[in-house]
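Colleague: Could you walk me through this model? I am new to reading structures.

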Amino acid sequence: FSVHRPNETFDAEPGVYCFARPGPGGRGWTPLFLSRTGNLSKRLANHEQWGEAQLLGATHILIHDADERDVREYVESDLANALRPVMN
């Protein structure tokens with residue numbers, strides 16, 4: 001995953017994304033919301049969950065580039081089951 005500020009311009013590429021806040025003690029990240037999209041630019045432009053994520057402390061968007069839909073679905077499912085983001 002690459003780390004991005006929410007006000008960045010995102011490419012019109014597919015990927016898995018996560019709204020996250022800094023982890024305990026400022027180490028790593030705590031995922032709050034995790035999903036996938038075929039177009040990061042369009043999906044993240046005005047995401048309906050971002051406001052709630054900010055209220056929970058989200059400061060960044062983590063992105064995993066994944067061209068293949070099957071890969072995006074697998075990565076999202078695997079991480080959601082392992083990490084259990086509070087907003088999912």
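**Helix H3 and the cores**

Modeller: What covers the buried residues of H3 includes E2, E3 and E4. Here covering goes by contact, heavy atoms within 4.5 Å. Helices (H or I, at least four residues) and strands (E, at least two) are DSSP runs, numbered from the N terminus. This is a predicted model: local features need pLDDT of at least 70, side-chain atom pairs count only at pLDDT 80 or more, and totals for chains, interfaces and linings use all residues. Residues are numbered from 1 along each chain as its sequence is written, and side-chain values use heavy atoms, with hydrogens and water left out.

Colleague: Which residues are buried in H3?

Modeller: Buried means under 20% relative accessible area, exposed over 50%, partly exposed in between (1.4 Å probe, protein chains only). Seen down the axis of H3, the buried residues fall within an arc of 95 degrees, so they line one face of the helix. The arc is that of the directions from the helix axis to the C-beta atoms. The buried residues are Arg 72, Val 75 and Glu 76.

Colleague: Which residues are exposed on the other side of H3?

Modeller: H3 covers residues 69-83. On its other side, the exposed residues are Asp 70, Tyr 74 and Ala 82.

Colleague: Which residues does Leu 44 touch, not counting residues up to four places away in sequence?

Modeller: Leu 44 belongs to the largest nonpolar core, which has 13 residues. Such a core is a set of buried Ala, Val, Leu, Ile, Met, Phe, Trp, Tyr and Cys residues joined through side-chain atoms within 4.5 Å. Beyond those sequence neighbours, Leu 44 touches Phe 10, Tyr 17, Phe 19, Ile 61 and Ile 63.

Terms used: The expected span of a helix is 1.5 Å times one less than its number of residues.
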